[in-house]
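Open the model in your viewer and keep the selection tool at hand. This tour moves from stop to stop and says what to look for.

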Amino acid sequence: MKTNSVSLLAALCAALITPLAQADGVPMPRAALPGYAQECGSCHLAFPPGMLPGASWQRVMTGLDRHYGTDASMDVASTRPISAWLQANAGTYKRVREVPPQDRITLANWFKRKHDEVAPEVFRRASIKTPANCTACHGGAEQGDFSEHAVRIPK
Ligand code: HEC
Ligand code: HEC
């Protein structure tokens, strides 16, 4: 009986917390895909799939040879499971569902809103260079932690 009410409480909490986390565009799937961090995390953070809608991931994955000014192409055997996994875990929450300009997380409205206190010149600091450099400020980004407690803006 005791165990039951505890697990019921846990289930309730999960149900309440999940939509809140998605409101921030944060979610990193519990089961990460082996190979995703390796293939997509060498030049920048392996971005959480829930931060872009499926249509954006589709374009990113079919255009890796012209990837935001660089060539990030990889063999088909590596591309296929990553594409499928990104689709399966793409953002569906209403703020993430709309396709951002250039399929960039950093140009999405929710992203701009969350970073409205960060001046454009701060993003351009030599220690940061670009808004896409999440890990420069979010020390917990690789663990999916973007909370304000884990933010430190480098000088
Ligand atoms: C060879 C290096 C490299 C690899 C490998 C790479 N990327 Fe990128 N990616 C870049 C660069 C450079 C940018 C542009 C960063 C900027 O404009 O600040 C970028 C930007 C992005 C953006 C947009 C970020 C934004 O501004 O919101 C997404 C999404 C993205 N990459 C996804 C991926 C995925 C998915 C993979 C794996 C299939 C991948 N990248 C692999 C170099 C790479
Ligand atoms: C220049 C430093 C900087 C960079 C680079 C940066 N952020 Fe942030 N981010 C912040 C700050 C500051 C906040 C606001 C923290 C607060 O007070 O809630 C924030 C907030 C967030 C939040 C909201 C967290 C919450 O609990 O509401 C998310 C999600 C987030 N950032 C994701 C990203 C992602 C993804 C990237 C890279 C594509 C990124 N950030 C790049 C500084 C940065």
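The stops below go from the whole chain to the two ligands and then to two single residues.

**Before you start**

This is a predicted model: local features need pLDDT of at least 70, side-chain atom pairs count only at pLDDT 80 or more, and totals for chains, interfaces and linings use all residues. Residues are numbered from 1 along each chain as its sequence is written, chains are lettered from A and ligands numbered from 1 in the order in which they are written, and side-chain values use heavy atoms, without hydrogens and water.

**Stop 1: the whole chain**

Show the protein chain as a cartoon. Its secondary structure comes to eight helices and zero strands. Helices are DSSP runs of H or I with at least four residues, strands are runs of E with at least two, and both are numbered from the N terminus.

Now colour by accessibility. Of the 155 residues, 33% count as buried. Buried means under 20% relative accessible area, exposed means over 50%, and partly exposed lies in between (1.4 Å probe, protein chains only).

Consider contacts too, meaning heavy atoms within 4.5 Å. Among contacts in the chain with a separation of 6 or more, 57% join residues 24 or more positions apart.

**Stop 2: the iron atom of ligand 1**

Select ligand 1 and centre on its iron atom. Which residues coordinate this iron atom? They are His44 and His67, each through NE2, at 2.0 Å. Donors here are N, O and S atoms within 2.8 Å of the metal (3.2 Å for Na, K and Ca); water is not among the atoms, so sites may look incomplete.

The site is octahedral, with angles of 87 to 179° among six donor atoms. Six donors count as octahedral if opposite donors are over 155 degrees apart and all others between 65 and 115.

Histidine 44 sits in the loop between helix 2 (36-40) and helix 3 (54-62), and histidine 67 in the loop between helix 3 and helix 4 (76-88), so the pair ties together parts 23 residues apart in sequence. Histidine 44 is partly exposed, at 28% relative accessible area. Histidine 67 counts as buried, at 13%.

**Stop 3: the shell around ligand 1**

Select the residues around ligand 1. There are 21, and the closest are Cys40, Cys43, His44, His67 and Thr130. A residue is counted if one of its heavy atoms lies within 4 Å.

Helix 3 gives the largest share of this shell, three residues. By type, the shell holds 13 nonpolar, six polar and two charged residues. Ala, Val, Leu, Ile, Met, Phe, Trp, Tyr, Cys and Pro count as nonpolar, Asp, Glu, Lys and Arg as charged, and the others, Gly among them, as polar.

Show two side chains next. An N or O atom in the side chain of threonine 130 is 2.5 Å from an oxygen atom of ligand 1. For arginine 104, an N or O side-chain atom is 2.8 Å from an oxygen atom of ligand 1.

**Stop 4: ligand 2**

Move to ligand 2. Its iron atom has His115 (NE2) and His138 (NE2) as protein donors, 1.9 to 2.0 Å away. This site is octahedral, with angles of 88 to 179° among six donor atoms.

The pair links distant parts of the chain. Histidine 115 is in the loop between helix 6 (109-114) and helix 7 (120-123), while histidine 138 is in the segment after helix 8 (134-137), 23 residues apart. Both histidine 115 and histidine 138 are buried.

Around ligand 2 are 23 residues, with His115, Cys134, Cys137, His138 and Phe146 coming nearest. The shell divides into 14 nonpolar, five polar and four charged residues. Its largest share, three residues, comes from helix 6. Show lysine 114: an N or O atom of its side chain is 3.2 Å from an oxygen atom of ligand 2.

**Stop 5: threonine 106**

Select threonine 106, in the loop between helix 5 (94-97) and helix 6. Is threonine 106 buried or exposed? Threonine 106 is buried, with a relative accessible area of 15%. Leaving aside neighbours within four places in sequence, threonine 106 is in contact with Phe111, Lys112, Pro131 and Ala132.

**Stop 6: isoleucine 82**

Finish in helix 4, with isoleucine 82. Isoleucine 82 counts as buried, at 2% relative accessibility. Beyond four places in sequence, its contacts include Leu33, Tyr36, Cys40 and Met74. Pick the C-alpha atoms of isoleucine 82 and tyrosine 36: they are separated by 6.4 Å, though 46 residues apart along the chain.

Conventions
Tetrahedral: all angles 85-135°; square planar, octahedral: opposite > 155°, others 65-115°. Polar contact = N/O pair within 3.5 Å; in protein donor to acceptor, adjacent residues only side chain to side chain.
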